Amino acid sequence: MSVKQITAFLENKAGRLLEVTEILSQNQVDLRAINIAETADYGLLRIIAKDSDKAEKVLKDAGVICTATPVIAVAVSDRPGGLNGMLKILAKENIDVNYMYSIFGHIGGLAYMILQVSDTENAKKVLIENGIGIAGAGDLGIN
Amino acid sequence: MEKYYQKDMECASREEMVALQNKRLVEQVKHVWENVPYYRKKMEEKGVTPEDIKGIEDLHKLPFLTKDDLREAYPYGLLAKPLEECVRIQSTSGTTGKRVVAFYTQHDVDLWEECCARAIVAAGGTKEDVCQVAYGYGLFTGGPGLNGGSHKVGCLTLPMSSGNTDRQLQFMTDLGATILCCTPSYAEYLAESIHERGLRDKIKLKAGIFGAEAWSEEMRRDIENQLGIKAYDIYGLTETSGPGVSFECSEQTGMHINEDHFIAEIIDPDTLKVLPEGSQGELVFTSITKEAFPLLRYRTKDITVLSREKCSCGRTLVKMHKPMGRSDDMLIVKGVNVFPSQIEAVLLENGYPANYQIIVDRVNHSDTIEVLVEMTPEIFSDSLGKITEMEKNLVAALKAMLGIYAKVRLVDPKSIARSEGKAVRVIDKRKI
Ligand SMILES: [Zn+2]
């Protein structure tokens, strides 16, 4: 029930992000989520694609350095405190959240967050035990 | 108990050595003047005759020779003996232009091999030893030099040449090699193979003599630990003979120069003035015993420091520090000498590719240095924390090597500018 995320290295220079998004769009890679973490010199572009293998291949073929990482897609309820409650569950188990970002739109009426944590397996277990929905690739319409 | 191959020379008093050098230099200048029109012309242009050279005090009056001279005079222009008295050539693996070819009489070969024998004995070699020579044989001087030295010492010599690791390890274990001679990178590779194949208990190595490329102190300790040996550095260049121009003793604090054959000077590569003892500068050699190819004041381009501090091994021969870099590449940043080779060594030691570019600039009247490193799949990770940690470690390692802060910038693969297929390693914006 993990989702494959592709992380690409991008040097901070004018037009570099556009070059990479051009590669993805020219190859009809459909994006479900996108996030950029950056430093002064470079950034990490993280994407969840409908076809992650294809995304990885077209980027590598174009000479972009990238790597695949398993992440969890967690359903977050819209009521206040929903996110806070989920983070509390992980904190109680000493699971660190390295980063998180949201998936575009609602799927089946639910909002989803992408989480990358210190212990993926344990995180999935405790979230499910606490009644929090975890989406698999199929639920998100990706493969 | 320290052993010497030629104790009278290796432990001669300074007075004895200077007297010998004076005598040999005077004879050598005369020999060159009479037999090498190319150098004679250079002397005439400088207004120097053999009569002006009465001893090493007058050495500074002689003109320099550089690699360009060797290329210009290729192949016979610097030959000082008739070809029928020569028995051998060796050649450098030049990457550009003409090769450099050096000639040897039998006497030259004998003296060269004696220099290598001194290195082997300094590394603890005796006729009881089995010496595995895994330097390349052929035009390259590494194999022939150590091979000859090993014969002179009386070791059982295994003329393996380089490569074919399976065969190297088979002979090393079956014949019980005790001394290994090769490049440090090949020694490291062999050490890893020995470790992987679980052969550590089957090898009898006690010493290694490694040269012909730059290597760090860290690499030395690594090879020593992996093989359970003592690793000795050796230095030389084809132009003056080959390996054995200088060699390390048990103290491992620099290489003793065979001063009875080579007079060493340190010069400022810009002003070409001779620098006082203990200064860092370009190493210049004068061969005082070579017959066929006697180079006077040959600029090695290697930057080093000489030391006459008393050595615990008992040798009185001057010691040279492992070359810190090449004079052609030397950059002065914040008053500190910086060599691209030092930066390259740090990158390789820290798992980075050798694909880099150094940008030197002056911001607010102060020099800055930035090292661009191309990202690779091997060092890339999804964690920003890991990447920044790696960068921090690299900055710390560069500071330890250079003594000044250098900024590190990770860049896209293949983004470092190349001209004619070769990467441009240094951009000095202070000069643009
Ligand atoms: Zn010594």
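This is a predicted model: local features need pLDDT of at least 70, side-chain atom pairs count only at pLDDT 80 or more; totals for chains, interfaces and linings use all residues.
**The zinc site**

The zinc ion is held by four residues of chain B: B:C249 through SG, B:H256 through NE2, B:C311 through SG and B:C313 through SG, at 2.1 to 2.2 Å. Along the chain, these donors follow the spacing C-x6-H-x54-C-x1-C. Angles between the four donor atoms run from 103 to 115 degrees, so the arrangement is tetrahedral. For four tetrahedral donors the ideal angle is 109.5 degrees.

B:H256 lies in strand β9 (residues 255-257) of chain B, while B:C313 lies in the loop between β12 (298-307) and β13 (319-320) of chain B, so the pair ties together parts that are 57 residues apart in sequence. Both B:H256 and B:C313 are buried.

The loop between β8 (243-248) and β9 of chain B contains B:Q252. B:Q252 has a positive phi of about 55 degrees, although it is not a glycine. With a relative accessible area of 13%, B:Q252 is buried, because buried means under 20%.

**The interface of chains A and B**

The size of an interface is often given as the accessible area lost when the parts come together. Here chain B and chain A bury about 1,500 Å² between them, and 61% of this is on carbon and sulfur atoms. On the side of chain B, the residues that lose the most area to chain A are B:F380, B:D382 and B:D412, which together account for 46% of what that side buries. In terms of contacts, 19 residues of chain B meet 21 residues of chain A.

The interface also has charged and polar pairs. Five salt bridges are found across it, and eight residue pairs of chain B and chain A are in polar contact, both residues being at pLDDT 80 or more. The elements of chain B that give two or more residues to the side touching chain A are α11 (384-402) and β19 (407-411). Of that side, β19(B) gives the most, with five residues.

One of the salt bridges joins B:R409 and A:E11, with the closest N and O atoms 3.8 Å apart. A:D41 sits in the loop between β2 (31-38) and β3 (42-49) of chain A. The side chains of A:D41 and B:K407 are joined by a polar contact of 2.9 Å. Apart from neighbours within four places in sequence, A:D41 is in contact with A:E11 and A:N12 in chain A, and with B:K407, B:V408, B:R409 and B:L410 in chain B. Its relative accessibility is 14%, so A:D41 counts as buried.

**Helix α4 of chain A**

Which residues of helix α4 (residues 120-129) of chain A are buried? They are A:T120, A:A123, A:K124, A:V126 and A:L127. The cover over the buried residues of α4(A) includes β4 (66-76), α3 (82-92), β6 (110-117) and β7 (134-135) of chain A. Just after α4(A), A:G131 takes a positive phi of about 75 degrees.

Another positive phi in chain A, of about 50 degrees, belongs to A:Q28, which is not a glycine. A:Q28 lies in the loop between α1 (16-26) and β2 of chain A.

**A loop and a strand in chain B**

B:E85 is placed in the loop between α4 (67-72) and β1 (86-91) of chain B. That loop between α4 and β1 is also the place of B:P75, and the peptide bond from B:Y74 to B:P75 is cis, with omega near -5 degrees. Beyond its neighbours within four places in sequence, B:E85 is in contact with B:T105 and B:Q106. The C-alpha atoms of B:E85 and B:M17 are separated by 29 Å, the two residues being 68 apart along the chain.

B:T105 belongs to strand β2 (residues 101-105) of chain B. Leaving aside neighbours within four places in sequence, the contacts of B:T105 are B:K81, B:E85, B:C86, B:V87, B:E291 and B:A292.

| Residue | Relative accessible area | State |
|---|---|---|
| B:T105 | 2% | buried |
| B:E85 | 40% | partly exposed |
| A:Q28 | 64% | exposed |

Conventions: Residues are numbered from 1 along each chain as its sequence is written. Chains are lettered from A and ligands numbered from 1 in the order in which they are written. Side-chain values use heavy atoms; hydrogens and water are left out. Buried means under 20% relative accessible area, exposed over 50%, partly exposed in between (1.4 Å probe, protein chains only). Helices (H or I, at least four residues) and strands (E, at least two) are DSSP runs, numbered from the N terminus. Contact means heavy atoms within 4.5 Å. Donors are N, O and S atoms within 2.8 Å of the metal (3.2 Å for Na, K and Ca); water is not among the atoms, so sites may look incomplete. Four donors count as tetrahedral if all angles lie between 85 and 135 degrees; four count as square planar and six as octahedral if opposite donors are over 155 degrees apart and all others between 65 and 115; anything else is irregular. Buried area is the accessible area (1.4 Å probe) that two parts lose on being put together, summed over both. A salt bridge is a side-chain nitrogen of Lys or Arg within 4 Å of a carboxyl oxygen of Asp or Glu. A polar contact is a pair of N or O atoms within 3.5 Å; within protein, one must be able to donate a hydrogen and the other to accept it, and residues adjacent in sequence count only if both atoms are side-chain atoms.
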